[in-house]
Amino acid sequence: MEIYIEDAIFQNLIINYLLLRLSENALLQKVKKIRIILASVIGTILTILINFYTLYSLINVCIKILIALIMTFICVERFIFKKISLFFAILLSSTFLMGGFCLGIENLFNISMNGFLTILMTFIYYKLLNNVLIQFYTKRKINHFYYNLKLKNKGKEFKIKAYLDSGNLLQDDETGLSILVVDYNTFNSLFENKVTLMDLLQNKIDKKIKGKYITCSTVGGKSNLFVCEIDKVVALDERNSEKNKEIHVLVGVGMQSFKNKECSALISPLAF
């Protein structure tokens, strides 16, 4: 079957774009549209170029995996190993699943995939998987709206309730860890009441506790948030048993009001 290069370019552009958007949605990670478009274009150019050469199957597969890695690096703005690994893994998985989906449609209806049909099937695959993701995250949010946490630091343990805040997507650029924002009283208890309200208001907590300030966006504009490590954060189930659900986060101290007066913290969906 004769395939025109302009058709192959258009087909690859659309498929790459949809797969990258799917990877973005699966990770709940916002990627700038210009980065997705750029990655789609570069991925398409490289894919078209290797088709001009006769390569062994294994080499061809390895090159295509390398192309997916290049596209991942373009989409992930900061070099954080965890983000890159997850995005790359989901992109590869989505690609293989899409191939299996198209092959299954071919065998089921005894048809041959052309450029238009491939794009149509990819779009249907994208919509189906995207709806599955939406349902999954919606159900997860409903079922896990509140979390019981156990905080351990310097030999002391505190049990608190945290509200799952979908708007809290704060992450530390250096470590890639999400931020668990706790109220002043909880934070102060963790560090043996070393921090005064004046320390909090004047951004001087780092004078007493090892940690750092990060810049975050709020409704009122930019603000500084103090974050630090504690010994351990564990998510408890309904019976308050640990079940080895340790969460790797940084703890930040905030003054905002929480959704429920019983809650002492805001936890990010990225923590899980």
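Strand 1 (residues 146–153) and strand 2 (residues 156–164) run antiparallel and are joined by 8 bridges. Here, strands are DSSP runs of E with at least two residues, helices are runs of H or I with at least four, and both are numbered from the N terminus. Two strands pair if DSSP finds at least two bridges between them. This is a predicted model, where local features need pLDDT of at least 70 and side-chain atom pairs count only at pLDDT 80 or more, while totals for chains, interfaces and linings use all residues. Residues are numbered from 1 along each chain as its sequence is written, and side-chain values use heavy atoms, leaving out hydrogens and water.

Strands 1 and 2 make a hairpin with 2 residues between them. In that turn, lysine 154 has a positive phi of about 50°. Strand 2 also has strand 8 (residues 265–267) as a partner, running parallel.

Now for the helices. The axes of helix 2 (residues 33–50) and helix 3 (residues 57–75) come within 8 Å and cross at roughly 160°. The two helices are therefore roughly antiparallel to each other (angles over 145 degrees count as such). Their contact (heavy atoms within 4.5 Å) includes Ile36, Leu38 and Ile42 of helix 2 and Ile63, Ile67 and Met71 of helix 3. The contact residues divide into 12 nonpolar, 3 polar and 2 charged. Nonpolar covers Ala, Val, Leu, Ile, Met, Phe, Trp, Tyr, Cys and Pro; charged covers Asp, Glu, Lys and Arg; the others, Gly among them, count as polar.

Terms used: Axes fitted to C-alpha atoms, helices over the stretch in contact; angles between N-to-C directions. Parallel < 35°, antiparallel > 145°, perpendicular 65-115°, else oblique.
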